[in-house]
Amino acid sequence: MSLVRFLNVAKEYPRGGVALSHASFQLHKGEFAFLTGPSGSGKSTILKLIYMEERPTAGDVWVSGVSARDASRKEVSMVRRHLGIVFQDFRLLEDRSAEANIAFALEVTGTPADMIRQRVGRVLTQVGLASKGTALPRELSGGEQQRIAIARALVNDPFVLIADEPTGNLDERATRGVFQLLRDINTAGTAVIMATHDLDLIRRTEYRTIELNHGRLVYDSAEAPPAEKAPSAVAPSHHDENPI
Amino acid sequence: MVIREAFSAFKRAPLLSVLGVVTIAFSLFAFGLFGLVAVNIRDALQAIENRVEIRAFIADGTPVEASSAAMGDIHAFPEVLSVTYVSQDDAYARARKELGEFSDVFEPGVLPASLDIKLKPGYRDPTTVQAVANRLKSYDFVDDVRYGEDWVAKLYRLRTIATLVGTGLGVAFAAVAVIIIGATIRIMVMARAREIEIMRLVGATNGFIRMPFVLEGFIQGVMGGLLALGLTWATSTAISHSFMRTEFFDPALATAGVIGGAVIGLLGSTFAVGRQLRRL
């Protein structure tokens, strides 16, 4: 079943030029997909189109059957309640505890208080931070903060977890931990789409890889013959010619 | 959740919230001080205006019945508030009282009797006063009519200038207050841009996001309004005790001030959060 569907999608910014063109792919239930490519290749644009922060200039994006071109603001809000979004910079509220940050995602969608307590406890355990619920973000390590951000993304039981460079700010050990957590979440049935520059992560797994360059989808392992590997996943290539 | 979020913002960022309330309070206080001056000038001019009077002198030998009958007619004029008959004796007594040490200048019976006519508020401008005076002159028994043309004209000019200057300054003060309060609320909303962004990303509707900010702006507006009212009252009381008696706002005007603060707070935060939502 297709949860996310891109069909000939283009995105142009009035002052920023073409960010994406002719992008077509689907993300299915329970799938794990990497989005990779150099900076400015369109990875974040694809993620923003999925959570409807941006609307396509041409083509269309459907998320859980809702068209990004036609969705009303209310529909966008409703779609987002079924998505979990994780960013490189965690985006936690610094003046609230870890559990308050997670609870916030439920409070603003009108979830009853007793259910909030129960679900916050559950996701804190799931991300391995049950004992750190009362800690403020600044009292946690980078890896722990990202786990809290993931817990906040999970608390609404999303069908897709969108992760934009979730390990970009983490050391290798924390990266491994956070990535394993994302794998566990995926194993439990949630689809994950993860933008990353980390080729080691991509090489270590057999997950689907979608590669972008200059706003074009240049490789999708789901479309490629079984033997073919993503060019940049095999060895550093043109990515490294255009570093951040 | 909306009410709790609105109040918890005060707890989480007390300095910013106090800054908001104080800014609203001082902006409205400046406006309030101006209002206080305007109200007292208005009252002073009103008191002077209340003294506008037309005096129709009655010819000697006029029967009391004739002037009494005319009093009924004159009282029926739409502009007239009251008509008082002042006999020759009354005029003499009044003159002695008003002239003080020169009270012996007049002999009894020298001063003519008169009808003293006061006009209703709104009919004390030079044109109306002159029109009434001309109508009074048409009575046969009326010898002369006096109302201090120059004085009435000057008073009316002064009142017009005071109204124009007062309105202009009032609008300018109100605009400055709105701009300062608006900018402060915008800074406060921008300081919470991340919170707004996260609310949007987890699927809160724009209406839901706006509510705590709007409520918070309203509460700050009411608190700022009350503080401004207290400061204005304290200033007014201090001036009354130290320099001159001043009138404070009547309850309706005071309430309007607080409501004004609340409305500015509410609209300011509505616009600021709306702008922030469009930016994100």
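A:His214 is partly exposed, with 15 other C-beta atoms within 10 Å. On terms: buried is 20 or more other C-beta atoms within 10 Å of the residue's own, exposed is 12 or fewer, partly exposed is in between, and C-beta atoms are placed from the backbone. A:His214 sits in the loop between strand E9 (208-213) and strand E10 (216-220) of chain A. Strands (E, at least two residues) and helices (H or I, at least four) are DSSP runs, numbered from the N terminus. Phi of A:His214 is positive, near 50°, and the residue is not a glycine. Most residues other than glycine have a negative phi.

Before I go on, a caution. This is a predicted model: local features need pLDDT of at least 70, side-chain atom pairs count only at pLDDT 80 or more, and totals for chains, interfaces and linings use all residues. Residues are numbered from 1 along each chain as its sequence is written, and chains are lettered from A and ligands numbered from 1 in the order in which they are written.

Back to phi. A:Phe90 also has a positive value, about 65°, and is not a glycine. Where does A:Phe90 lie? In the loop between E6 and H3 of chain A. Buried or exposed? A:Phe90 is buried, with 21 other C-beta atoms within 10 Å.

Now chain A overall. Its secondary structure comes to nine helices and ten strands. The radius of gyration is 18 Å, close to the 18 Å that the globule rule gives for 244 residues, so chain A is as compact as a globular protein of that length. That radius is taken over C-alpha atoms, and the rule is 2.2 Å times the number of residues to the power 0.38. The C-alpha trace spans about 45 × 40 × 35 Å along its principal axes. Of the 244 residues, 44% are buried. Next, contacts, meaning C-beta atoms, placed from the backbone, within 7 Å. Among contacts in chain A with a separation of 6 or more, 68% are between residues 24 or more positions apart.

Next slide: strand E7 of chain A, residues 160-164. Five of its five residues are buried. Which way do they point? A:Val160, A:Ile162 and A:Asp164 go one way, A:Leu161 and A:Ala163 the other. Strand E6 (residues 83-87) pairs with E7(A) in the parallel sense, over five bridges. Pairing here takes at least two DSSP bridges between the strands. A:Gly84 has A:Leu161 as its bridge partner in E7(A). E7(A) also pairs with strand E8 (residues 191-195), again parallel, over five bridges. There, A:Leu161 has A:Val192 as its bridge partner. From E7(A) the chain crosses through helix H6 (residues 172-187) to E8(A), a right-handed β-α-β crossover. Right-handed means that, with the strands pointing away from the viewer, the path from the first strand over the helix to the second runs clockwise.

Now the partner chain. How many residues of chain A are in contact with chain B? 16, and they touch 13 residues of chain B. Helix H2 (73-80) and helix H3 (98-107) of chain A each give two or more residues to that side. The largest share, five residues, comes from H2(A).

Last, chain B itself. Its domain assignment gives domain 1 (2-47 + 156-279) and domain 2 (53-146). Those bounds come from an automatic or database assignment. The C-alpha centres of the two domains lie 51 Å apart.

Conventions. Contact = placed C-beta atoms within 7 Å.
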